[in-house]
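Dear colleague,

I am handing over the structure we spoke about, and below it you will find a short account of what turned up. Please keep the structure open while you read.

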Amino acid sequence: MTTMQRPDKQLGRRGKFHWLYLSEEKSGTALYDTIVAESENFAVLPTKGSIVPGWVLVVPKFPVSRIADVPKELLGEFRDLVRHVSDRVEAEFGPVFYFEHGGFKGSKISCGVDQAHLHIVPLSFDLMGEAEAESPAAWRNLVSDFLPCDGLPNNEYWYVSDGVAAKYKVVSDPCSQFFRKIIARHSGRESAWDYRKSDFIDNVAITLNSMGAND
């Protein structure tokens, strides 16, 4: 199977990760634009705004606004890559959580990125429990471990998983970087939740040094 080419009229050509699926574009020169692992249709990169080291993103190499909209025929490939990367992150940094701000183009939920991406982040606290405490009620359980793909409605959502259980919440009042705000607060960096203002490039470098590139 060749790399998926799925033009999405909702998605602009100049998104944060456009270089992954537009052959005429080149990647940026920033450390967080370094691919640390990949498969045919997905790439893994450290995230800009790595409040903690070891934080990476799994990004489709085709335009799509939510992980829930990734074609079903690619979910096996996606799952295998996420498992591989999770094992590497956990070996270096400890247990991980998964989350997604599942928004449509232009929404505050999409955090200015407008391309689907699953976060894998090592944390020493229960991100699922803290998300429920931060925004009580209306969370629903999913029969899934780390994929926000099965059973999600055609709405904007927040998704979080510890790799065993998974929950999502339909979001009717969008806000930016919901999970980042929680992680920043629990990491003692409450004012540094916005990746646009605090890139934590030192933590990006630690991630790259520990995981290498395209291993």
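A cavity is a set of grid points where a 1.4 Å probe fits but cannot get out, and a residue counts as part of the lining when it has an atom within 4 Å of a point. Please bear in mind throughout that this is a predicted model.

With that definition in hand, a search of the whole structure turns up 1 cavity of 30 Å³ or more, and the largest cavity holds about 30 Å³ of space. Its lining is made up of Ser65, Glu100, His101, Gly103, Ser110, Asp114, Gln115, Ala116 and His117, and by class this lining contains 6 polar residues, 2 charged ones and 1 nonpolar one.

The largest pocket, for its part, has a volume of about 190 Å³. Among the 16 residues lining this pocket, Thr47, Leu57, Val113, Arg180 and Tyr195 lie closest to its centre, and the lining as a whole comprises 7 nonpolar, 6 polar and 3 charged residues.

Is histidine 119 buried or exposed? Its relative accessible area is 2%, and because anything under 20% counts as buried, histidine 119 is buried. Once neighbours within four places in sequence are set aside, histidine 119 is in contact with Trp55, Val56, Leu57, Phe97, Tyr98, Phe99, His101 and Arg180. The C-alpha atoms of histidine 119 and threonine 47 are separated by 8.4 Å, although these two residues are 72 residues apart along the chain.

Glycine 94 sits in the loop between α1 and β4, and with a relative accessibility of 16% glycine 94 also counts as buried. Apart from neighbours within four places in sequence, glycine 94 is in contact with Val89 and Pro122. From C-alpha to C-alpha, glycine 94 and serine 124 are 8.0 Å apart in space, while 30 residues separate them in sequence.

Finally, please look at helix α1 (residues 75-93) and helix α4 (residues 201-211), whose axes come within 10 Å and cross at roughly 105°. Since angles of 65 to 115 degrees count as roughly perpendicular, α1 and α4 are therefore roughly perpendicular to each other. On the α1 side the contact is made by Val85, Arg88, Val89, Glu92 and Phe93, and on the α4 side by Ile206, Thr207, Ser210 and Met211. The residues of this contact divide into 5 nonpolar, 2 polar and 2 charged.

With best wishes

Conventions. Residues are numbered from 1 along each chain as its sequence is written. This is a predicted model: local features need pLDDT of at least 70, side-chain atom pairs count only at pLDDT 80 or more; totals for chains, interfaces and linings use all residues. Side-chain values use heavy atoms; hydrogens and water are left out. Axes are lines fitted to C-alpha atoms, for helices over the stretch in contact, and angles run from 0 to 180 degrees between N-to-C directions. Helices (H or I, at least four residues) and strands (E, at least two) are DSSP runs, numbered from the N terminus. Angles under 35 degrees count as roughly parallel, over 145 as roughly antiparallel, 65 to 115 as roughly perpendicular and the rest as oblique. Contact means heavy atoms within 4.5 Å. Ala, Val, Leu, Ile, Met, Phe, Trp, Tyr, Cys and Pro count as nonpolar, Asp, Glu, Lys and Arg as charged, and the others, Gly among them, as polar. On a 1 Å grid over the protein atoms alone, a cavity is a set of points where a 1.4 Å probe fits but cannot get out, and a pocket is an open set with protein on both sides within 12 Å along at least five of seven lines; lining residues have an atom within 4 Å of a point. Grid points are joined across faces, edges and corners, and a volume is the space filled by probe spheres set on the points. Buried means under 20% relative accessible area, exposed over 50%, partly exposed in between (1.4 Å probe, protein chains only).
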